[in-house]
Amino acid sequence: MTDSPFHVIVIGGGTGGMALAHGLKAAGISVAVYERDRTRNSGLHGYRVGINPDGSRALKYLLPGELFDTFLATCARGPKYFSFLKENLKPSMTLPLVVEDDPVNTEKSVSRMTLRQVLLTGIEDIVHFDKTFTHYEKEEDGRVTAFFQDGSKATGDLLVAADGANSRVRQQYLPHATVEDANIISITAKVPLTPATKALIPEKVFQGIGLVVAPKGYSCILHSMEFGWDPDGKVKNNIGGNDAALIEQWPGLLFDNTRDYINWGFWASTDKFPADIMKKRPEELIKLTLDMTTKWHPDLRKLFSLGDPQTCFAVNIRTSVPIDQWSPSNITLIGDAIHTMTPGQGVGANTALRDAARLCRNLIAHRDARMTLLEAVLEYETKMVEYGYAAVKESKKQTSGDQPINKPYIGRLALLGMRGYFWLAGRVPALRQKMAEDLYLDRGGNREEY
Ligand SMILES: Cc1cc2nc3c(=O)[nH]c(=O)nc-3n(C[C@H](O)[C@H](O)[C@H](O)COP(=O)(O)OP(=O)(O)OC[C@H]3O[C@@H](n4cnc5c(N)ncnc54)[C@H](O)[C@@H]3O)c2cc1C
(Lines give C-alpha, C1' and ligand atoms only; values in the text may rest on other atoms or scores of the structure.)
Protein backbone atom coordinates (compact mmCIF):
# COMPACT_ATOMS: atom_id res chain seq x y z
CA MET A 1 0.00 0.00 0.00
CA THR A 2 1.11 3.60 -0.49
CA ASP A 3 1.97 6.10 2.23
CA SER A 4 -0.24 8.80 0.69
CA PRO A 5 -3.39 9.76 2.64
CA PHE A 6 -6.65 7.92 1.95
CA HIS A 7 -8.12 9.47 -1.20
CA VAL A 8 -11.62 9.14 -2.68
CA ILE A 9 -12.42 9.73 -6.35
CA VAL A 10 -16.04 10.44 -7.23
CA ILE A 11 -17.23 10.03 -10.83
CA GLY A 12 -20.10 12.44 -11.53
CA GLY A 13 -20.74 15.88 -10.06
CA GLY A 14 -24.52 15.58 -9.77
CA THR A 15 -26.72 15.69 -6.68
CA GLY A 16 -25.20 12.70 -4.88
CA GLY A 17 -21.57 13.13 -5.95
CA MET A 18 -21.23 16.75 -4.87
CA ALA A 19 -23.10 16.25 -1.60
CA LEU A 20 -20.75 13.36 -0.74
CA ALA A 21 -17.71 15.51 -1.59
CA HIS A 22 -18.89 18.16 0.89
CA GLY A 23 -19.21 15.65 3.71
CA LEU A 24 -15.81 14.11 3.04
CA LYS A 25 -14.08 17.47 2.68
CA ALA A 26 -15.58 18.70 5.95
CA ALA A 27 -14.31 15.53 7.65
CA GLY A 28 -10.79 16.17 6.32
CA ILE A 29 -10.90 13.20 3.93
CA SER A 30 -9.13 13.84 0.62
CA VAL A 31 -11.65 13.77 -2.26
CA ALA A 32 -11.89 14.82 -5.92
CA VAL A 33 -14.96 14.85 -8.21
CA TYR A 34 -14.81 14.33 -11.99
CA GLU A 35 -17.77 15.66 -14.00
CA ARG A 36 -18.33 15.34 -17.75
CA ASP A 37 -20.23 18.65 -18.16
CA ARG A 38 -17.90 21.27 -19.55
CA THR A 39 -18.73 24.09 -17.12
CA ARG A 40 -20.62 24.68 -13.89
CA ASN A 41 -23.72 25.91 -15.71
CA SER A 42 -23.81 23.66 -18.78
CA GLY A 43 -26.33 20.83 -19.20
CA LEU A 44 -30.11 20.94 -18.92
CA HIS A 45 -30.66 21.59 -15.24
CA GLY A 46 -33.78 23.73 -15.04
CA TYR A 47 -36.46 21.42 -13.73
CA ARG A 48 -37.96 21.26 -10.24
CA VAL A 49 -36.71 18.68 -7.75
CA GLY A 50 -38.69 17.98 -4.57
CA ILE A 51 -36.47 17.56 -1.55
CA ASN A 52 -38.19 15.55 1.17
CA PRO A 53 -37.18 15.16 4.85
CA ASP A 54 -34.77 12.32 3.92
CA GLY A 55 -32.99 14.61 1.43
CA SER A 56 -32.91 17.61 3.77
CA ARG A 57 -31.60 15.49 6.64
CA ALA A 58 -28.77 14.20 4.44
CA LEU A 59 -27.92 17.74 3.27
CA LYS A 60 -27.89 19.00 6.85
CA TYR A 61 -25.47 16.22 7.77
CA LEU A 62 -23.18 16.77 4.76
CA LEU A 63 -23.07 20.54 4.17
CA PRO A 64 -21.35 23.15 6.31
CA GLY A 65 -23.96 24.92 8.51
CA GLU A 66 -24.00 28.18 6.56
CA LEU A 67 -24.28 26.39 3.22
CA PHE A 68 -27.26 24.36 4.50
CA ASP A 69 -28.87 27.70 5.43
CA THR A 70 -28.10 28.95 1.91
CA PHE A 71 -29.75 25.81 0.53
CA LEU A 72 -32.87 26.65 2.58
CA ALA A 73 -32.81 30.31 1.48
CA THR A 74 -32.49 29.36 -2.21
CA CYS A 75 -35.35 26.85 -2.22
CA ALA A 76 -38.58 27.99 -3.82
CA ARG A 77 -41.53 28.72 -1.51
CA GLY A 78 -42.46 25.32 0.02
CA PRO A 79 -45.59 23.45 -1.10
CA LYS A 80 -48.53 23.49 1.36
CA TYR A 81 -50.96 21.15 -0.43
CA PHE A 82 -51.03 18.15 -2.72
CA SER A 83 -54.09 18.36 -4.98
CA PHE A 84 -55.39 15.50 -7.10
CA LEU A 85 -57.19 17.05 -10.08
CA LYS A 86 -59.38 15.98 -12.95
CA GLU A 87 -58.52 17.12 -16.47
CA ASN A 88 -61.22 19.82 -16.11
CA LEU A 89 -59.02 21.27 -13.31
CA LYS A 90 -61.59 20.38 -10.62
CA PRO A 91 -59.89 18.94 -7.52
CA SER A 92 -60.80 15.33 -6.61
CA MET A 93 -59.07 15.81 -3.26
CA THR A 94 -56.61 18.21 -1.64
CA LEU A 95 -54.22 16.96 1.02
CA PRO A 96 -52.67 19.53 3.35
CA LEU A 97 -48.94 18.74 3.62
CA VAL A 98 -47.28 18.60 7.02
CA VAL A 99 -45.59 21.97 7.57
CA GLU A 100 -43.21 22.21 10.53
CA ASP A 101 -40.80 24.88 11.74
CA ASP A 102 -37.98 22.35 11.72
CA PRO A 103 -36.17 22.98 8.41
CA VAL A 104 -35.51 19.25 7.94
CA ASN A 105 -38.99 17.85 8.40
CA THR A 106 -40.80 19.60 5.55
CA GLU A 107 -41.12 19.25 1.78
CA LYS A 108 -39.03 21.63 -0.29
CA SER A 109 -38.96 22.64 -3.93
CA VAL A 110 -35.65 23.45 -5.52
CA SER A 111 -34.57 24.13 -9.07
CA ARG A 112 -31.97 21.62 -10.16
CA MET A 113 -29.64 24.33 -11.48
CA THR A 114 -29.89 26.22 -8.19
CA LEU A 115 -29.16 23.06 -6.19
CA ARG A 116 -26.14 22.43 -8.39
CA GLN A 117 -24.80 25.94 -7.74
CA VAL A 118 -25.41 25.55 -4.00
CA LEU A 119 -23.64 22.18 -3.94
CA LEU A 120 -20.66 23.59 -5.85
CA THR A 121 -20.19 26.40 -3.36
CA GLY A 122 -17.00 25.84 -1.38
CA ILE A 123 -15.82 22.77 -3.32
CA GLU A 124 -14.95 24.50 -6.61
CA ASP A 125 -11.31 23.44 -6.10
CA ILE A 126 -12.08 19.71 -5.98
CA VAL A 127 -14.69 19.45 -8.76
CA HIS A 128 -13.05 18.93 -12.16
CA PHE A 129 -15.28 19.72 -15.14
CA ASP A 130 -14.92 18.39 -18.70
CA LYS A 131 -13.76 14.99 -17.44
CA THR A 132 -15.70 12.18 -19.08
CA PHE A 133 -14.91 8.90 -17.36
CA THR A 134 -14.26 6.03 -19.78
CA HIS A 135 -13.08 3.10 -17.61
CA TYR A 136 -11.10 2.14 -14.55
CA GLU A 137 -8.19 -0.24 -13.84
CA LYS A 138 -7.03 -1.80 -10.59
CA GLU A 139 -3.41 -1.05 -9.66
CA GLU A 140 -1.04 -3.69 -8.26
CA ASP A 141 -1.18 -2.04 -4.85
CA GLY A 142 -4.99 -2.37 -4.83
CA ARG A 143 -5.76 1.29 -5.61
CA VAL A 144 -8.10 2.22 -8.48
CA THR A 145 -7.28 4.43 -11.46
CA ALA A 146 -10.04 6.20 -13.40
CA PHE A 147 -9.38 7.13 -17.03
CA PHE A 148 -10.96 10.06 -18.84
CA GLN A 149 -11.75 10.80 -22.48
CA ASP A 150 -9.15 13.60 -22.66
CA GLY A 151 -6.36 11.11 -21.89
CA SER A 152 -5.94 12.09 -18.24
CA LYS A 153 -6.34 9.77 -15.25
CA ALA A 154 -6.77 9.87 -11.47
CA THR A 155 -5.93 7.30 -8.81
CA GLY A 156 -7.62 6.79 -5.44
CA ASP A 157 -8.15 4.29 -2.63
CA LEU A 158 -11.91 4.26 -3.24
CA LEU A 159 -13.82 4.96 -6.45
CA VAL A 160 -17.43 6.10 -6.04
CA ALA A 161 -19.77 5.86 -9.03
CA ALA A 162 -22.12 8.86 -8.89
CA ASP A 163 -22.45 9.09 -12.66
CA GLY A 164 -26.21 8.71 -12.95
CA ALA A 165 -28.57 6.31 -14.71
CA ASN A 166 -26.23 5.38 -17.57
CA SER A 167 -23.27 4.91 -15.23
CA ARG A 168 -20.21 3.74 -17.10
CA VAL A 169 -18.67 2.66 -13.81
CA ARG A 170 -21.65 0.37 -13.16
CA GLN A 171 -21.45 -1.03 -16.70
CA GLN A 172 -17.85 -2.12 -16.04
CA TYR A 173 -18.14 -3.06 -12.33
CA LEU A 174 -21.58 -4.74 -12.28
CA PRO A 175 -22.33 -5.49 -15.94
CA HIS A 176 -25.33 -7.65 -14.94
CA ALA A 177 -27.01 -4.66 -13.25
CA THR A 178 -29.22 -3.34 -16.04
CA VAL A 179 -31.70 -0.52 -16.52
CA GLU A 180 -34.94 -1.05 -18.47
CA ASP A 181 -37.65 1.15 -19.97
CA ALA A 182 -40.59 1.76 -17.63
CA ASN A 183 -42.79 2.23 -20.74
CA ILE A 184 -43.55 5.81 -19.80
CA ILE A 185 -42.67 8.96 -21.72
CA SER A 186 -42.80 12.34 -20.05
CA ILE A 187 -42.75 15.78 -21.64
CA THR A 188 -41.84 18.70 -19.42
CA ALA A 189 -41.49 22.48 -19.82
CA LYS A 190 -41.30 25.67 -17.79
CA VAL A 191 -43.61 28.67 -18.14
CA PRO A 192 -42.42 32.02 -16.76
CA LEU A 193 -44.50 32.94 -13.70
CA THR A 194 -46.53 36.12 -14.28
CA PRO A 195 -49.92 37.30 -12.94
CA ALA A 196 -51.47 35.98 -16.18
CA THR A 197 -49.91 32.50 -15.94
CA LYS A 198 -50.60 32.29 -12.19
CA ALA A 199 -54.31 32.87 -12.98
CA LEU A 200 -54.35 29.69 -15.11
CA ILE A 201 -54.19 27.35 -12.10
CA PRO A 202 -56.37 27.13 -8.94
CA GLU A 203 -54.95 28.93 -5.85
CA LYS A 204 -54.33 25.74 -3.82
CA VAL A 205 -52.48 24.21 -6.77
CA PHE A 206 -50.38 27.37 -6.99
CA GLN A 207 -49.64 27.07 -3.25
CA GLY A 208 -48.73 23.39 -3.58
CA ILE A 209 -48.40 20.53 -6.03
CA GLY A 210 -51.12 19.55 -8.51
CA LEU A 211 -51.47 16.09 -10.05
CA VAL A 212 -53.93 15.71 -12.92
CA VAL A 213 -55.15 12.12 -13.33
CA ALA A 214 -57.06 11.76 -16.61
CA PRO A 215 -58.52 9.02 -18.83
CA LYS A 216 -56.15 6.76 -20.85
CA GLY A 217 -53.61 6.98 -18.04
CA TYR A 218 -52.65 10.53 -19.11
CA SER A 219 -51.24 12.47 -16.16
CA CYS A 220 -49.71 15.87 -15.53
CA ILE A 221 -47.87 17.36 -12.57
CA LEU A 222 -47.85 21.09 -11.85
CA HIS A 223 -45.36 22.92 -9.65
CA SER A 224 -45.13 26.66 -9.12
CA MET A 225 -41.70 27.92 -8.20
CA GLU A 226 -41.23 31.32 -6.54
CA PHE A 227 -37.72 32.21 -5.42
CA GLY A 228 -36.23 34.87 -3.18
CA TRP A 229 -34.84 36.91 -6.08
CA ASP A 230 -36.44 38.87 -8.91
CA PRO A 231 -35.90 38.67 -12.70
CA ASP A 232 -32.79 40.89 -12.35
CA GLY A 233 -31.29 38.55 -9.75
CA LYS A 234 -31.90 41.04 -6.91
CA VAL A 235 -33.28 39.87 -3.55
CA LYS A 236 -37.06 40.44 -3.35
CA ASN A 237 -38.37 42.97 -0.82
CA ASN A 238 -40.44 40.41 1.12
CA ILE A 239 -37.44 38.20 1.95
CA GLY A 240 -36.38 38.23 5.61
CA GLY A 241 -33.03 39.68 6.73
CA ASN A 242 -31.00 36.50 7.24
CA ASP A 243 -32.23 34.81 4.06
CA ALA A 244 -31.69 38.02 2.09
CA ALA A 245 -28.08 38.23 3.32
CA LEU A 246 -27.46 34.54 2.53
CA ILE A 247 -28.78 34.94 -1.03
CA GLU A 248 -26.82 38.17 -1.55
CA GLN A 249 -23.55 36.63 -0.35
CA TRP A 250 -24.02 33.41 -2.29
CA PRO A 251 -21.67 33.36 -5.31
CA GLY A 252 -23.85 30.74 -7.08
CA LEU A 253 -26.48 33.41 -7.94
CA LEU A 254 -24.10 34.76 -10.59
CA PHE A 255 -24.19 31.41 -12.40
CA ASP A 256 -27.83 30.57 -11.79
CA ASN A 257 -30.32 31.74 -14.43
CA THR A 258 -33.33 30.38 -12.51
CA ARG A 259 -36.31 32.76 -12.27
CA ASP A 260 -39.90 32.22 -11.01
CA TYR A 261 -41.75 29.67 -13.13
CA ILE A 262 -44.52 27.09 -13.35
CA ASN A 263 -43.24 23.64 -14.28
CA TRP A 264 -45.58 21.23 -16.06
CA GLY A 265 -44.82 17.60 -16.76
CA PHE A 266 -47.21 15.52 -18.88
CA TRP A 267 -46.83 11.73 -19.16
CA ALA A 268 -48.49 8.62 -20.57
CA SER A 269 -47.52 5.08 -21.49
CA THR A 270 -45.07 4.85 -24.40
CA ASP A 271 -47.61 3.23 -26.76
CA LYS A 272 -49.70 6.44 -26.69
CA PHE A 273 -46.87 8.46 -28.30
CA PRO A 274 -45.56 8.40 -31.88
CA ALA A 275 -42.55 6.09 -32.39
CA ASP A 276 -40.21 9.05 -33.12
CA ILE A 277 -41.11 10.95 -29.92
CA MET A 278 -37.53 11.14 -28.65
CA LYS A 279 -36.43 12.82 -31.91
CA LYS A 280 -39.04 15.58 -31.86
CA ARG A 281 -38.12 19.23 -31.48
CA PRO A 282 -39.38 21.14 -28.39
CA GLU A 283 -42.05 23.00 -30.40
CA GLU A 284 -43.30 19.65 -31.74
CA LEU A 285 -43.40 18.22 -28.19
CA ILE A 286 -45.59 21.11 -27.03
CA LYS A 287 -47.91 20.68 -30.03
CA LEU A 288 -48.11 16.94 -29.34
CA THR A 289 -49.07 17.60 -25.70
CA LEU A 290 -51.85 19.91 -26.95
CA ASP A 291 -53.02 17.32 -29.50
CA MET A 292 -53.22 14.65 -26.78
CA THR A 293 -55.22 16.85 -24.41
CA THR A 294 -57.93 18.37 -26.64
CA LYS A 295 -60.63 17.64 -24.00
CA TRP A 296 -58.66 19.13 -21.08
CA HIS A 297 -59.49 22.47 -19.46
CA PRO A 298 -58.55 25.40 -21.76
CA ASP A 299 -56.45 26.99 -18.97
CA LEU A 300 -54.29 23.89 -18.68
CA ARG A 301 -53.86 23.76 -22.43
CA LYS A 302 -52.97 27.45 -22.42
CA LEU A 303 -50.27 26.62 -19.86
CA PHE A 304 -48.94 23.85 -22.12
CA SER A 305 -48.89 26.22 -25.09
CA LEU A 306 -46.87 28.77 -23.09
CA GLY A 307 -44.10 26.25 -22.31
CA ASP A 308 -40.75 27.85 -23.16
CA PRO A 309 -39.32 25.67 -25.98
CA GLN A 310 -35.81 26.18 -24.61
CA THR A 311 -36.86 24.33 -21.46
CA CYS A 312 -38.99 21.63 -23.08
CA PHE A 313 -37.74 18.06 -23.39
CA ALA A 314 -39.01 14.48 -23.44
CA VAL A 315 -37.75 11.81 -21.05
CA ASN A 316 -37.95 8.08 -21.69
CA ILE A 317 -38.43 6.98 -18.09
CA ARG A 318 -36.16 4.12 -17.05
CA THR A 319 -35.86 1.93 -14.00
CA SER A 320 -33.13 -0.29 -12.55
CA VAL A 321 -33.60 -4.03 -12.47
CA PRO A 322 -32.68 -4.94 -8.86
CA ILE A 323 -29.85 -7.46 -8.46
CA ASP A 324 -28.58 -9.50 -5.52
CA GLN A 325 -26.00 -7.77 -3.37
CA TRP A 326 -22.42 -8.22 -4.60
CA SER A 327 -19.14 -8.61 -2.66
CA PRO A 328 -17.76 -5.28 -1.45
CA SER A 329 -14.53 -3.82 -2.84
CA ASN A 330 -12.92 -0.40 -3.14
CA ILE A 331 -15.45 0.55 -5.81
CA THR A 332 -18.97 1.51 -4.78
CA LEU A 333 -22.01 3.29 -6.21
CA ILE A 334 -24.52 5.91 -5.10
CA GLY A 335 -27.74 7.36 -6.50
CA ASP A 336 -29.08 6.71 -9.99
CA ALA A 337 -25.87 4.87 -10.86
CA ILE A 338 -27.19 1.89 -8.89
CA HIS A 339 -30.92 2.55 -8.35
CA THR A 340 -32.52 4.57 -11.12
CA MET A 341 -36.23 4.87 -10.43
CA THR A 342 -39.37 6.20 -12.09
CA PRO A 343 -40.61 9.58 -10.78
CA GLY A 344 -43.60 7.82 -9.11
CA GLN A 345 -42.60 8.88 -5.61
CA GLY A 346 -40.23 11.76 -6.44
CA VAL A 347 -37.42 10.23 -4.40
CA GLY A 348 -34.54 9.64 -6.88
CA ALA A 349 -32.50 12.66 -5.74
CA ASN A 350 -33.49 12.15 -2.12
CA THR A 351 -32.26 8.56 -2.18
CA ALA A 352 -28.99 9.69 -3.82
CA LEU A 353 -28.54 12.19 -0.95
CA ARG A 354 -29.33 9.53 1.63
CA ASP A 355 -26.69 7.26 0.04
CA ALA A 356 -24.13 10.07 0.13
CA ALA A 357 -24.72 10.70 3.84
CA ARG A 358 -24.59 7.04 4.82
CA LEU A 359 -21.44 6.38 2.80
CA CYS A 360 -19.81 9.51 4.21
CA ARG A 361 -20.63 8.45 7.76
CA ASN A 362 -19.02 5.03 7.18
CA LEU A 363 -15.92 6.53 5.54
CA ILE A 364 -15.47 8.73 8.60
CA ALA A 365 -15.68 5.54 10.73
CA HIS A 366 -12.99 4.04 8.48
CA ARG A 367 -10.79 7.11 8.90
CA ASP A 368 -11.17 6.78 12.67
CA ALA A 369 -10.18 3.08 12.45
CA ARG A 370 -13.61 1.96 13.66
CA MET A 371 -14.20 0.05 10.39
CA THR A 372 -11.97 -1.36 7.65
CA LEU A 373 -12.69 0.07 4.20
CA LEU A 374 -14.43 -3.15 3.15
CA GLU A 375 -16.58 -3.14 6.30
CA ALA A 376 -17.53 0.49 5.64
CA VAL A 377 -18.50 -0.28 2.03
CA LEU A 378 -20.31 -3.52 2.97
CA GLU A 379 -22.43 -1.88 5.68
CA TYR A 380 -23.31 1.01 3.35
CA GLU A 381 -24.19 -1.29 0.43
CA THR A 382 -26.27 -3.66 2.60
CA LYS A 383 -28.54 -0.82 3.74
CA MET A 384 -28.52 0.99 0.39
CA VAL A 385 -29.55 -2.13 -1.55
CA GLU A 386 -32.44 -2.59 0.89
CA TYR A 387 -33.94 0.92 0.87
CA GLY A 388 -32.73 1.83 -2.67
CA TYR A 389 -34.31 -1.15 -4.41
CA ALA A 390 -37.45 -0.82 -2.23
CA ALA A 391 -37.78 2.73 -3.62
CA VAL A 392 -37.21 1.42 -7.18
CA LYS A 393 -40.02 -1.13 -6.76
CA GLU A 394 -42.43 1.28 -5.06
CA SER A 395 -41.81 4.00 -7.67
CA LYS A 396 -42.41 1.51 -10.49
CA LYS A 397 -45.65 0.39 -8.85
CA GLN A 398 -46.86 4.01 -8.90
CA THR A 399 -45.57 5.09 -12.34
CA SER A 400 -45.02 2.62 -15.13
CA GLY A 401 -46.67 1.82 -18.45
CA ASP A 402 -47.78 -1.55 -17.06
CA GLN A 403 -50.20 -0.08 -14.50
CA PRO A 404 -53.90 -0.98 -15.01
CA ILE A 405 -54.75 2.69 -15.60
CA ASN A 406 -52.90 2.56 -18.94
CA LYS A 407 -54.80 -0.47 -20.28
CA PRO A 408 -57.68 -0.09 -22.79
CA TYR A 409 -60.72 -1.32 -20.78
CA ILE A 410 -59.65 -1.95 -17.21
CA GLY A 411 -58.01 1.49 -17.36
CA ARG A 412 -61.45 3.12 -17.11
CA LEU A 413 -62.35 1.01 -14.10
CA ALA A 414 -58.99 1.79 -12.49
CA LEU A 415 -59.58 5.53 -13.01
CA LEU A 416 -63.11 5.27 -11.58
CA GLY A 417 -61.77 3.36 -8.55
CA MET A 418 -59.05 5.95 -7.99
CA ARG A 419 -61.47 8.86 -8.27
CA GLY A 420 -63.91 7.09 -5.96
CA TYR A 421 -61.19 6.78 -3.36
CA PHE A 422 -60.23 10.46 -3.71
CA TRP A 423 -63.93 11.43 -3.46
CA LEU A 424 -64.24 9.44 -0.22
CA ALA A 425 -61.02 10.80 1.24
CA GLY A 426 -62.16 14.31 0.30
CA ARG A 427 -65.22 13.80 2.55
CA VAL A 428 -63.69 11.84 5.44
CA PRO A 429 -61.21 14.07 7.28
CA ALA A 430 -59.73 11.13 9.26
CA LEU A 431 -58.86 9.29 6.03
CA ARG A 432 -57.37 12.44 4.51
CA GLN A 433 -55.34 13.07 7.65
CA LYS A 434 -54.06 9.48 7.61
CA MET A 435 -53.01 9.85 3.95
CA ALA A 436 -51.10 13.06 4.73
CA GLU A 437 -49.35 11.46 7.72
CA ASP A 438 -48.43 8.31 5.77
CA LEU A 439 -47.03 10.46 2.96
CA TYR A 440 -44.96 12.42 5.50
CA LEU A 441 -43.53 9.30 7.15
CA ASP A 442 -42.85 7.57 3.79
CA ARG A 443 -40.83 10.59 2.72
CA GLY A 444 -38.61 10.43 5.77
CA GLY A 445 -40.47 12.69 8.21
CA ASN A 446 -39.05 12.22 11.72
CA ARG A 447 -36.73 9.39 10.58
CA GLU A 448 -33.73 8.82 12.86
CA GLU A 449 -30.51 8.56 10.86
CA TYR A 450 -26.76 9.38 10.98
C1 LIG B 1 -37.65 15.95 -14.89
C2 LIG B 1 -37.14 15.27 -13.64
C3 LIG B 1 -37.70 15.58 -12.39
C4 LIG B 1 -37.23 14.96 -11.23
N5 LIG B 1 -37.80 15.28 -10.02
C6 LIG B 1 -37.35 14.70 -8.89
C7 LIG B 1 -37.93 15.03 -7.61
O8 LIG B 1 -38.85 15.83 -7.51
N9 LIG B 1 -37.42 14.44 -6.49
C10 LIG B 1 -36.39 13.53 -6.56
O11 LIG B 1 -35.97 13.03 -5.49
N12 LIG B 1 -35.84 13.18 -7.75
C13 LIG B 1 -36.28 13.74 -8.91
N14 LIG B 1 -35.73 13.39 -10.12
C15 LIG B 1 -34.67 12.38 -10.15
C16 LIG B 1 -33.34 12.98 -9.79
O17 LIG B 1 -33.03 14.07 -10.64
C18 LIG B 1 -32.23 11.92 -9.86
O19 LIG B 1 -32.64 10.76 -9.20
C20 LIG B 1 -30.98 12.46 -9.17
O21 LIG B 1 -30.48 13.57 -9.89
C22 LIG B 1 -29.92 11.38 -9.06
O23 LIG B 1 -28.74 11.96 -8.56
P24 LIG B 1 -27.34 11.34 -8.93
O25 LIG B 1 -26.32 12.17 -8.23
O26 LIG B 1 -27.35 9.88 -8.70
O27 LIG B 1 -27.24 11.52 -10.49
P28 LIG B 1 -27.25 12.86 -11.34
O29 LIG B 1 -27.75 14.01 -10.56
O30 LIG B 1 -27.91 12.49 -12.64
O31 LIG B 1 -25.71 13.14 -11.59
C32 LIG B 1 -24.92 12.33 -12.40
C33 LIG B 1 -23.77 13.20 -12.89
O34 LIG B 1 -22.79 12.37 -13.51
C35 LIG B 1 -22.33 13.00 -14.68
N36 LIG B 1 -21.82 11.96 -15.56
C37 LIG B 1 -22.53 11.04 -16.27
N38 LIG B 1 -21.70 10.24 -16.96
C39 LIG B 1 -20.44 10.67 -16.69
C40 LIG B 1 -19.16 10.24 -17.11
N41 LIG B 1 -18.99 9.21 -17.98
N42 LIG B 1 -18.06 10.89 -16.64
C43 LIG B 1 -18.20 11.93 -15.75
N44 LIG B 1 -19.40 12.39 -15.33
C45 LIG B 1 -20.51 11.75 -15.79
C46 LIG B 1 -23.57 13.73 -15.23
O47 LIG B 1 -23.22 14.78 -16.10
C48 LIG B 1 -24.20 14.22 -13.93
O49 LIG B 1 -23.76 15.50 -13.55
C50 LIG B 1 -36.18 14.01 -11.30
C51 LIG B 1 -35.60 13.71 -12.55
C52 LIG B 1 -36.08 14.32 -13.71
C53 LIG B 1 -35.43 13.98 -15.04
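Guide: A polar contact is a pair of N or O atoms within 3.5 Å; within protein, one must be able to donate a hydrogen and the other to accept it, and residues adjacent in sequence count only if both atoms are side-chain atoms. Here the side chains of N362 and E379 are joined by such a contact, of 2.8 Å. This is a predicted model, in which local features need pLDDT of at least 70 and side-chain atom pairs count only at pLDDT 80 or more, while totals for chains, interfaces and linings use all residues. Residues are numbered from 1 along each chain as its sequence is written, and side-chain values use heavy atoms, with hydrogens and water left out.

Visitor: Is N362 buried or exposed?

Guide: Buried means under 20% relative accessible area, exposed over 50%, and partly exposed in between (1.4 Å probe, protein chains only). N362 counts as buried because its relative accessibility is 2%. Helices (H or I, at least four residues) and strands (E, at least two) are DSSP runs, numbered from the N terminus; N362 lies in helix α11.

Visitor: Which residues is N362 in contact with, leaving aside its neighbours within four places in sequence?

Guide: Contact means heavy atoms within 4.5 Å. On that basis N362 is in contact with M371, A376, E379 and Y380.

Visitor: What does α11 give to the shell around the ligand?

Guide: A residue is near a molecule if one of its heavy atoms lies within 4 Å of it. The most residues of the shell, 4, come from α11. Of the 28 residues around the ligand, G16, E35, G50, R112 and D336 come nearest. Oxygen atoms of the ligand lie 2.7 Å from a backbone N or O atom of G50 and 3.1 Å from one of G348. The protein covers 85% of the 1,000 Å² of accessible area that the ligand has on its own (Shrake-Rupley method, 1.4 Å probe).

Visitor: Which residues touch the most other members of the largest nonpolar core?

Guide: In soluble globular proteins, nonpolar side chains tend to be buried together. A nonpolar core is a set of buried Ala, Val, Leu, Ile, Met, Phe, Trp, Tyr and Cys residues joined through side-chain atoms within 4.5 Å. In the largest core, of 87 residues, V8, L20, F71 and W326 touch the most other members. Helix α12 (residues 373-398) supplies the largest share of this core, 9 residues. Another core, of 33 residues, lies apart from it, and includes V191, W264, I277 and M292.
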